[in-house]
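Biologist: Could we go through this structure together? I would like to begin with contacts.

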Amino acid sequence: MLDSLRAVIRSDIQALAPYVVPVSDGMVKLDAMENPYPLPTALQQSLAQVLSALPLHRYPSPQAVELKRRLARLMGLVEDTPMVLGNGSDELIQMLIQAVAAPGTVVLGVLPSFVMFRMIAEVARVKFVGVPLKEDFSLDLVALRTAIAQHRPALTFVAYPNNPTGNCFDATAITEIIEQARPGLVVVDEAYYPFTPHSFKDRLPSHDNLLLMRTLSKLGLAGVRLGWLCGPSALLEQIDKVRLPYNVSVLDQVAATWLLDHSEELERQVAVLVLERAVLAEGLARLPGVTVFPSQANFLLFRVRGASGIFDGLRRHGILIKNLSEAHPLLQDCLRVTVGTSQENRQFLDALESLIPAP
Ligand SMILES: *Cc1c(COP(=O)(O)O)cnc(C)c1O
């Protein structure tokens, strides 16, 4: 068995560190940017009725026209806005990279950012070039210009807001990158769009190499795997060829369509989370030795001396957040906490306070 593994599994895959999802049973789960609120019972029951009547013996609709209409409406765009749907935006990242992968192709991103850009590129044997952010997590335009000129990336990923730093980069700087990267494509990943007024959606018509990617995950439907990609239809037609025909299940399509027709509750939850984000940021800033970074997303990045020990201490208190202190030199002593319910945030702050040594 082991011989066969060594003989046939690519050595770079064998060397790859897996994407680890930690065990979180029974813990206060503030590690993965999930919406902490379940759907109200009445909504759950109505949705269950809709789902129970579905023809599960049939393949899902490959074009998902109804769902795309709802997504366009959600974005304030015209109903027939061209889109490609993915099983989460992770799958869209995979399709994009597969569509450009060839010997010598380069994918570019900033560091630190969403790890899937790099991981999926490496699995596809595409070279990933990471350009470090500045100390204050803003774009290093000089370094980016140089890297783009040198590597001519086929794809450049920009998360807006960025994960794990939480900030939106300067829009003028991103626009410069879009222009400089041409004919390479630039994907603006707006996974956290519910929590920020900033977006590149109005700039879509101005750039023929700009793609916009969104997901329902951070809105409160991480379990419904649905992401979507907008941009020039000629480009989307090509990327759609890479998509497996039935990638979004009947259950996901209908649940998403129905929930977008009943989205007032999700919108209310998002508004509460935006308020809770401010309360949590204030609570963190008040603690001695804690630096909290501004966030446009549903999480906060903060720096505290001895972050790894504090992360372990929080886990012993039954609270799971994300330890990023080893993830990148710019993130030394940094932890990331997802905004939870006010009670969860309080529990987290109390535990954190008890773990920080008195000054
Ligand atoms: C969470 C996240 C995603 C992944 O979203 P899915 O739709 O759940 O696959 C994509 N991009 C960024 C920047 C994220 O933080």
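Modeller: Contact means heavy atoms within 4.5 Å. This is a predicted model, where local features need pLDDT of at least 70, side-chain atom pairs count only at pLDDT 80 or more, and totals for chains, interfaces and linings use all residues. Residues are numbered from 1 along each chain as its sequence is written, and side-chain values use heavy atoms, with hydrogens and water left out.

Biologist: Which residues is Ile-321 in contact with, leaving aside its neighbours within four places in sequence?

Modeller: Its partners include Leu-30, Asp-31, Phe-302, Leu-335 and Phe-348.

Biologist: And which residues touch the most other members of the largest nonpolar core?

Modeller: They are Leu-216, Leu-284, Phe-302, Ile-321 and Phe-348, in a core of 90 residues. A nonpolar core is a set of buried Ala, Val, Leu, Ile, Met, Phe, Trp, Tyr and Cys residues joined through side-chain atoms within 4.5 Å; buried means under 20% relative accessible area (1.4 Å probe, protein chains only). Helix α8 gives the largest share of this core, six residues. Helices are DSSP runs of H or I with at least four residues, strands are runs of E with at least two, and both are numbered from the N terminus.

Biologist: Turning to the sheet, what is the order of its strands?

Modeller: The order is β2-β8-β7-β6-β5-β3-β4, an open sheet with mixed pairing. Two strands pair if DSSP finds at least two bridges between them.

Biologist: Why is one side of β2 and of β4 left without a neighbour?

Modeller: β2 (83–86) and β4 (127–132) stand at the edges, so each has a single partner strand.

Biologist: How many bridges join β6 to β7?

Modeller: Four bridges join these parallel strands, and Val-188 stands opposite Leu-212 in β7.

Conventions:
Buried means under 20% relative accessible area, exposed over 50%, partly exposed in between (1.4 Å probe, protein chains only).
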